Amino acid sequence: MAIFAVLIFSIGLIFTRVGSKSGQAFFEAGGATPWWINGLSLFISYFSAGTFVVWGSIAYKSGLVANVIQLTMAISGLLVARFIAAKWKKTGAMTAADYLRTRFGVKTQQFYTYLILLLSLFATAAVLYPVGKMVHVATPFSLNTCIIVIGLIIVLYTAAGGLWAVLVTDVVQFVILTASVLIVIPIAFKEIGGPSQLFAKAPVDFFKPFNADYTFEFMLAFIVYQLFYIGGNWSYVQRYTSVSTVKESKKVAYLFAILYFVSPVIWMIPPMIYRIINPNLQGLEPEGAYMMLCQKVLPAGLIGLVLAGMISATSSKANTTINLVATVFANDIYKALIRKKASEKEMIFMARLFTLIFGAATIIVAILIPRAGGVVEVVLSTASIAGGALFGPIIWSLFSKRQTSFSLVFISTTSLLVSLFFKTITPAAFDLKFNRTIETIVGVGLPVLLLAIFELYYTSRNLIGAPFMLAPTEQHTQNEINKNIAAEKQNVFGIKVIAISMVVVGTGIVLLGIFAPQFGGIVIGVGLCVLLTAIYIWYRVKGFQKKIGLQ
C-alpha cells in the first residue's frame, strides 16, 4: 500500500513541471490527449464511484441485480458515444462551464457552476468514504484516519500535476485494479469449491435481474439518468473535449461502453461469493464485503495489492472531480469575476489553492457520511435528485436551437426543489416516502417533461434561443503548429510515464507472486502480462516519436 501511494504521488510530482508551464497543459492536458487514455480515465473514474462498496454491497445482498444496474451504464455509454460526445467537441469549449457562458451568458454559467461545485463536494465525499472504508476494514486504523490520509494524498497529487497527472494515474490505477481483481476471482472460487457452488448455495432469487427495490422501471429510469450523467457531468465533458478530433471524442465514449459491457460480470463476482462464505452481514457491514473476502482468501502481500487496486478505483473518481472543480474555479470564477487580467501562472496557483480548500471540505463531508444512512443511500439519492436536474437541460441544449437561459435555469431549479421536497419534507410531514424506483423516475422524468413542454411552447411561438457554438476552423498558423508540437511532446511524455509506471507495477506483482506462500503462479502470470503490456506501449510510443520527428 505504501509503495502504491508513493508511485501515485510521484506521478503527480512528475507533471508539476509540465502543468506549471501553461494553463493549457494544466487544465486541458494539451488539448490533444490520446483517445484511449481519456477512455480508460473516463471508465475508471466513473466505475470507481462506488463499484466495490456501493454496488458491491448490493451484489452481496441481492446478487445479479448489481450486474444489471451496471449494465445500464454500458447502454447509456453507447448512447453518449453515438449522440452526445461529438456534440461537446464540436462546441469548441474547454469545459461545460465555458459552453454555458459563451452560449447562455455569465449569469446562467454562474448558476450552474455553484450548483455543480456543491454537487461535486458530495459526489467526491461519497467516493472518498469508500476508499477509507476499505482501508479501515483491512487495517487497524480508524475510519476517519483512513479518510484523512488518503484524501490528502489524492488532493496533493491532483493539485501538483493537473489534468495530465489525473489521466496518467487513472490509467495506472486501471492496470492495478484489473490485475488485482483477476487474481482474486480464481482464488475466491477455489475457496467455495468452484463456480458451480455459487449457483448451488446462493439464496433464493439471488440470480434474478430485478427485485422490489431495483425494478425494471428503475433500470429504465437509471439508463436515462446515466445518459445525462455520462454525457453531461462536467468532469467527463473534459474527456470528450481534451482530445484532438470529433472522431476521437466518440472513441472515448465507445471504449467506456465496451469496458462496461464486460466489467460487471467480473467486478461483482467476489462480493457474491462472499455471500456464500458469510451470509450474516447486517446494517452497513455489506459495504465491506469485497475487502472481507480478500482478507479471508488471500495472503498478506496480495491483500496489499488488491487493496491498492480498490483504492485506485475509487480514488480516480475523486481526482477527476477535484481537477474539474479547480479548472472551473480558476477559469469561470476567479478569472471571470475576480481578476479578469490574471496571468496563466496566477490561474494555476489559484486552481491549486482551491484544490486544497475543496479537498479539505471533501474530507469533512466524507467523515459525516455514516450519519446520512451510509454511502449507498448518499450515492443513489444524490443521483436521483441532482443528475437529471443539472445535466439534462444542458445536454438538451446541445441539440436544441430554442432553449434559453430562462428555460434551463427554471427547469433545473424546479426539478431540484420538487425532488428535495419529496426526499426531505414529505417523509417527516406527511409520512410519504418514495421508493427507489419512483424517486429515480421523478428525478429524471420531471426535467425531461419540462424540457419537452418548453420546446413545444417555443416552437409554437417560433422563438429561437441563443445560437449554437461551433469550434473554429483549424488554422494552420505557426502558433497553431507550435501548439500541436507541444501537445504531441506532452502526449509522448505522458505515455512514457504510463509505461514506466506499469513496469514498476508489473515487477511488484511478480515479486509478490514469488514470495506468496500459495497461488504464486496466478500472481506471476498476471504480473508478466502487465510487464509485456508496458513493453509494448514503450515500443509503440518510441516508434511514434520517431515518426513525427520528436526527440
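The legends below describe close-up views of a predicted model.

**Figure 1. Overall make-up of the protein chain.** The secondary structure of the chain consists of 21 helices and zero strands. Of its 551 residues, 59% are buried. Among contacts between residues at least 6 apart in sequence, 85% link residues at least 24 apart.

**Figure 2. Packing of helix 10 against helix 19.** Two packed helices are described by the angle between their axes and the distance between the axes. Here helix 10 (residues 216-232) and helix 19 (residues 436-460) meet at an angle of about 45°, and their axes lie 9 Å apart. Angles under 35 degrees would count as roughly parallel and 65 to 115 as roughly perpendicular; helix 10 and helix 19 are therefore oblique to each other. Their crossing is left-handed.

**Figure 3. Residues at the contact of helix 10 with helix 19.** Helix 10 contributes Glu217, Phe218, Ala221, Phe222, Val224, Tyr225 and Phe228. On the side of helix 19, the residues are Arg436, Thr437, Thr440, Ile441, Val444 and Val448. Sorted by class, this contact comprises nine nonpolar, two polar and two charged residues.

**Figure 4. The largest nonpolar core.** This core has 161 residues, of which Trp55, Ile69, Trp88, Trp234, Tyr240 and Leu298 touch the most other members. Helix 8 (residues 143-192) gives the most to the core, with 23 residues. In soluble globular proteins, nonpolar side chains tend to be buried together.

Figure 5. With neighbours within four places in sequence left aside, Leu298 is in contact with Val184, Ile187, Ile303 and Val306.

**Figure 6. Asp431, a residue with positive phi.** Most residues other than glycine have a negative phi. Asp431 is not a glycine, yet its phi is positive, at about 55°. The residue sits in the loop between helix 18 (405-429) and helix 19. Its relative accessible area is 71%, so Asp431 is exposed.

Figure 7. Asn462 lies in the loop between helix 19 and helix 20 (478-515). Its phi is near 55°, again a positive value in a residue other than glycine. Exposed means over 50% relative accessible area; Asn462 therefore counts as exposed, at 57% relative accessibility.

Terms used: Residues are numbered from 1 along each chain as its sequence is written. This is a predicted model: local features need pLDDT of at least 70, side-chain atom pairs count only at pLDDT 80 or more; totals for chains, interfaces and linings use all residues. Side-chain values use heavy atoms; hydrogens and water are left out. Axes are lines fitted to C-alpha atoms, for helices over the stretch in contact, and angles run from 0 to 180 degrees between N-to-C directions. Helices (H or I, at least four residues) and strands (E, at least two) are DSSP runs, numbered from the N terminus. Angles under 35 degrees count as roughly parallel, over 145 as roughly antiparallel, 65 to 115 as roughly perpendicular and the rest as oblique. A crossing is left-handed if the near helix is turned anticlockwise from the far one by less than a right angle, and right-handed if clockwise. Contact means heavy atoms within 4.5 Å. Ala, Val, Leu, Ile, Met, Phe, Trp, Tyr, Cys and Pro count as nonpolar, Asp, Glu, Lys and Arg as charged, and the others, Gly among them, as polar. A nonpolar core is a set of buried Ala, Val, Leu, Ile, Met, Phe, Trp, Tyr and Cys residues joined through side-chain atoms within 4.5 Å. Buried means under 20% relative accessible area, exposed over 50%, partly exposed in between (1.4 Å probe, protein chains only).
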